[in-house]
Amino acid sequence: MPAAIYLSDGPVAKTIARAIPSFPFKGIENFYDIQGFLSEPELFQQIIDVLVDHYRPLKLTKVLGVDARGFILGPPLALALKIPFIMIRKAGKMPNTVTSKPYSTEYGFREGVCLQRGSVSQGDRVVIIDDLVATGGTLGSCVTVVQEMGATVVECGCVVELNFFKEQRSKLFQNLRISDVPIWAMLNESILTNKATLPQSYIDDGEEHGSADAAAVASDAPDTQFPLVLKPLPVRVIDEEKADSLSNTEIRSYEGGVWKAQHEKNPRYETSMDLVGNTHLVDITEVCNPKNPKTKVLGKAEFLNPGYSMKDRIVANIFNKAEEDGTLKQGMTVVAASSGNTGCSVAMMSAMRGYKAVILTNSKCSDEKRAAIKAYGAELIISKPGQDYMQMETDLAAENPTWFSVDQYNNMNNPGGHYKSTGPEIYNQTRGEITHFVAAGSTGGTISGVGAFLKEKNSNVQVILADPAGSVFKPYFNTGKLIKAKSFLVEGVGKGNIPGCMDFAVVDGAIEVTDQDAITMCKTIARKTGLCVGGSAGLNVAAACKIAESSEEALTICTLLCDNGVKYLSKIFNEEWLAKNGIVEEVMS
């Protein structure tokens, strides 16, 4: 089991340590009562700040808190990270759960722990938070239950790790085959010097004293509860007169039921990478006329990513995976073929991480996207008539062994990025009520990744491919035969071949959308919702509206607003360009 990593023995650590008394307990020389911080709001804030600092870079999707003090430490951490908090409770305390088996130790009988079904799933990256860890029995039970549900436990976090049980805990984690899960402790036991007498009222609640046979089993209790999802709360400053003079080097601390401003020497800011994902899901039903008045058409605002498109997600995942396995290293050049948006994302991500970038695209790419690619410092190469820009990427990578080829059309970390992020976000944002997911294909990564995740959560979700007239996807889906593609205007969707990332196994149907309908929908969305989106978003929404307007059932239809319409001001929002290409300017009523 990886060694714990402690907070340095600095003033913050010593301040926290002074409020944590220890006392002899059942043969343990130093047992720690972590509840002391509850009476000291500023101390509690310091503990939360340390946790936030440690966990912000780990790209968690959920915080899980173990009974009692885990419920106290977990929610403010989840709030700060802007991710959901989920409760892990003693077995039998919640219905519809996955539960660890009960177990007995020299410290008594333990009922095990339980976690509600659906609260975590494949693709989730979670931390399990508790106040301290002793034998590791409770944490071991928690880890196995979470893994049984398909999620990844990035770390178990606590304020104090009891060294008395380190050997026993290590053997337990090995026996449970979870020795790769690290335990991170905030404080080193060596600086906890505040001795106390065991209170007569102390009750052994059984949360941290035992080993576990933690194989997960299912509970048949009815489905009546759901995981708690936390949302950021408004901040109220105590000293309103001084609020305007506070600099950006402030933090918030809790005192007397309100948040106050407090100067901090080492401010903690988010990085540009923190802006990728977790986009809003917007009700855009007003752009169409559903047959059933209860039907909802929802658009996921992917233009809010830092590169103004959903492609930031796949590029982040591709870079992360390549850096992890060593195929992408500092000093290398990244090469990518793209119809535009992926090129922008690769150029942006390369700028963030210090790589050189070479982007290949064709003459169809808008002037705005070309300018954006260059703005990030990337080299841009436009293919000539008759050249295949995707093959150009392959050739350049072969000619330059030290270059990293993104290969977005065949790289399975493309759909993997949507499987891990976009899919779970959509499912959680709709509270599992989604009935239809509509998305166009280009690489196939979006519809394949999101579709796979949603199908795993609910096999009844309909995954519908929106395809521009002239693309080969819809004909191939219907007949299994590859036809010759025809030209179309909308960028970033459709194809003349079948990329390796396209998985038709998750697709239930396909809807053809003309250039006219896609571009008209862009104008409609702008005029009715105030959202300026690109042609691929217009195509997606047009297909979603066809479903809404033809079904008598109440549906929850979700689609993607793929990118920002500002990228197409010279094209689909330009009167001359529209007239030249035979598009009639109109807005749907």
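Author: What follows looks at helix α14 and then at the sheet that holds one of its neighbours.

This is a predicted model, in which local features need pLDDT of at least 70 and side-chain atom pairs count only at pLDDT 80 or more, while totals for chains, interfaces and linings use all residues. Residues are numbered from 1 along each chain as its sequence is written, and side-chain values use heavy atoms, with hydrogens and water left out.

The chain has 16 helices and 25 strands; helices (H or I, at least four residues) and strands (E, at least two) are DSSP runs, numbered from the N terminus. Of the 589 residues in the chain, 54% are buried, where buried means under 20% relative accessible area, exposed over 50% and partly exposed in between (1.4 Å probe, protein chains only).

Helix α14 covers residues 515-529, 15 residues in total. From its first C-alpha to its last it reaches 21 Å, close to the 21 Å expected at 1.5 Å a residue; the expected span is 1.5 Å times one less than the number of residues. Buried residues in α14 include D515, Q516, A518, I519 and T520, and M521, C522, K523, T524 and I525 are buried as well. The buried residues of α14 pack against strand β24 (509-513) and against helices α15 (535-548) and α16 (575-580); contact here means heavy atoms within 4.5 Å. Just after α14, G530 takes a positive phi of about 80 degrees.

Six strands form an open sheet in the order β16-β17-β25-β22-β23-β24, with mixed pairing; two strands pair if DSSP finds at least two bridges between them. Strands β16 (281-283) and β24 stand at the edges with a single partner strand each, so one side of each has no neighbour in the sheet. Neighbouring strands of this sheet are turned by 30 degrees against each other on average, direction ignored. Axes are lines fitted to C-alpha atoms, for helices over the stretch in contact, and angles run from 0 to 180 degrees between N-to-C directions.

Helix α11 (residues 413-429) lies across β16, β17, β22 (436-440) and β25 (556-561), running at about 140 degrees to β17.
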